[in-house]
Amino acid sequence: MKSIKYKFLISTAIVVIVLVACSKEFLNKPPLGTLNPSIVATEAGVQGLLIGAYSLVDGNGSSGDGNYGSAASNWGYGGVASDDAYKGSDPTDVNDFAPFEKFISLTPTNGAVPQKWNLCYNGAQRCNDVINTLAIAPGISAATQTTITAQARFLRAFFHMELKKVFNNIIYADETVSPANTDVTNETDVWPRIEEDLKYAITNLPETWSEVGRVNKSAAKAFLAKAYMFQKKFTDAYPILQDLIANGKTSGGTKYALLPHFYSNFNPAQKNSSESVFAAQTSVQDGSSVDWGGSPNGNYGDILNFPYNGGPGACCGFYNPSQDLANAFKTDANGLPLLDESYATGAKVGDPTAPYTGTLDPRIDWTIGRKGIPYLDWGNHPGDAWIRNVLNDGHFSPMKNVYAASQKGAFTDVGSSYWGPTELVANNVNLIRYADILLWAAECAVTAGDIPTAMGYVNQVRSRAANPTGWVYKYPVVNGVADVTSYDAPTATFKDQTTPASNYKIGLYTAATFTPANAIKAIQFERRLELAMEGHRFFDLVRWGIAAPTINTYIAREKDARPLKQDANFVAGKNEYFPIPLGTIDNLNSDGKIRVKQNPGY
């Protein structure tokens, strides 16, 4: 099957039109008016505009550097702002992200925040360009018009859902917003508009496509269920999730299923699998990487998030897993998580002097690079040698966005004029995967009073993690040298499975251990372990209503050891959402009419 991202890149004439037609600063500078829409009012032109909207799903929407704040992975908003990760590098390096883990210094003038706001509104406007141009394009069949509109409305809902999660009090920019109509205002309740677009998409999208990356009916259902989950509409979400579990399919027609091995979800050689519900598509060696310019498609938003001074990328030491996250992988005598928070006490996982030696969930070593454990086929992680600022960044490296040494060149950029070619990686960003579906369904089942079914969904996820063929194993030693080729990159498994790399123990819940009293806590903990470092944690804490106590407890554990945390403080009723960029407020209210109000507390 062709890739939709690749199609965008090879359609040179259409790309030129898209780049001219779509401003990078929607709501700051109107994108329409720079090019008469009638010029692209053909089927090829409309499809080109649609691919332009798809292209922003990866979070890269402007030339040059500076798109880390709009990364599809939400590593800053969903990871660094939570208890899962540190900003990484030196505190002054890309220092706009330092307030993401301090909160107290997060202001409307922060330089990273507008990147997300502008990118998502630019994406929404590209969707509106599609709809408006389609209305004046002759000769397009009714069926084609419907499927194009369904994709545009899904993408518009996607971009607004991202905005809603991050900023809450947002403008819903539909196709009526234009330079001639700026009668807009931000509001807290845009969920009905998001739902409306998603329901249209569900009704009118096909179940399968010949091109990888296009949204299908099942993916649209998953996003509608996600919208319901964020609103605590569990009775609305549950039947959709049950249907997806029974009948959901990828856009290629494969039934949704957990992959046999956990890390296959993060292996560029295995992307667009049965577990991929919807992902930001990436590509390399496609002519898109230009030094300090262009629009590179190789997961540009995460180019900083590699070990420092070695390993994949060899730069730049950002997005380090937190000590709290590492400790959360501790297990009890039954191989279950320590739901009582005792994981945070006692010996610390990976402590350089007196490390924890008890049992661990095996997913830790596919999520966190830690000293002495095989880091794919790069050799054993050397520990602090790969950390730029140990005092603030801890002892661990990220893993879910990287690539194997044997994949360098095949799944990375090579030899382009871009300053860091091997940091541009063809590794998709999972936006929803099937494990999400199962764990959301578990939440819904608990609220419906069906504890056994909820336990079954959680145990499906844990059973995959318990499969020893998918664990990390020590390299065999051949002639006194560790054989790193034991890691098989095409399958994300180890060929020699003689000795597990750590003291792994993971068990399934039973009726005695998964009770009405702890079921929700168990599900919340499972989401943390399964989805760690995937940009969901902060948003989960907010939608569960436990962000303030969880994050402030985490800060209290950290502040004595980490200078960057010493004056950190999460303020309930404020820090659940990020400030609306001051430039946007000044621009849209410049004529005296108040169109946009700042979020509370900023």
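Reader: With which residue does R464 form a salt bridge?

Author: Side chains of opposite charge can pair when their charged atoms come close. In this predicted model, R464 is paired with E275, and their closest N and O atoms are 2.9 Å apart.

Reader: Where in the chain do R363 and E530 lie?

Author: The side chains of R363 and E530 meet in a salt bridge of 2.8 Å, N to O. R363 is in the loop between α10 (323-328) and α11 (364-367), and E530 is in helix α15, 167 residues apart. R363 is buried, as is E530.

Reader: Which residues are linked in a network of salt bridges?

Author: The network links E275, D361, R363, K400, R433, R462, R464, E526, E530 and E534.

Reader: How many salt bridges does a search of the whole structure find?

Author: The search finds 38 salt bridges. Among them is the pair of R528 and D84, at 2.8 Å from N to O. This pair links distant parts of the chain, with R528 in helix α15 (residues 519-531) and D84 in the loop between α4 (75-80) and β2 (85-88), 444 residues apart. R528 and D84 are both buried.

Reader: Over which ring does the charged end of R562 sit?

Author: A charged end may also be examined against an aromatic ring. The charged end of R562 sits over the ring of Y86, 3.5 Å from the ring centre. Likewise, the charged end of R214 sits over the ring of W209, at 5.3 Å from its centre.

Reader: How many aromatic pairs are there?

Author: The count comes to 36 aromatic pairs. One of them, F158 with F159, is edge-to-face, with 5.3 Å centre to centre and 65 degrees between the planes. F158 is buried at a relative accessible area of 6%, and F159 is buried at 1%. Elsewhere, ring pairs link W75, Y77, F97, F100, F103, F318, Y319, F538, F539, F570 and F578 into a cluster.

Reader: Which cysteines form a disulfide?

Author: To read a disulfide, one examines the distance between two sulfur atoms. The structure holds one disulfide, formed by C315 and C316, whose sulfur atoms are 1.8 Å apart. The link is right-handed, with 85 degrees about the S-S bond. C315 counts as buried at 17% relative accessibility, and C316 counts as buried at 6%.

Reader: Is helix α8 largely enclosed or exposed, and why?

Author: Burial is read residue by residue. In α8, 13 of the 14 residues are buried, so the helix is largely enclosed by the rest of the structure. Helix α8 spans residues 217-230 and reaches 20 Å from its first C-alpha to its last, close to the 20 Å expected. It is followed by K232, whose phi is positive, near 60 degrees.

Technical notes: Residues are numbered from 1 along each chain as its sequence is written. This is a predicted model: local features need pLDDT of at least 70, side-chain atom pairs count only at pLDDT 80 or more; totals for chains, interfaces and linings use all residues. Side-chain values use heavy atoms; hydrogens and water are left out. A disulfide is a pair of cysteine sulfur atoms within 2.5 Å. Buried means under 20% relative accessible area, exposed over 50%, partly exposed in between (1.4 Å probe, protein chains only). Helices (H or I, at least four residues) and strands (E, at least two) are DSSP runs, numbered from the N terminus. The expected span of a helix is 1.5 Å times one less than its number of residues. Rings of Phe, Tyr and Trp (its six-membered ring) pair if their centres lie within 6.5 Å; planes under 30 degrees apart count as stacked, over 60 as edge-to-face and the rest as tilted. A charge sits over a ring if NZ of Lys or CZ of Arg is within 6 Å of the ring centre and within 35 degrees of the ring normal. A salt bridge is a side-chain nitrogen of Lys or Arg within 4 Å of a carboxyl oxygen of Asp or Glu.
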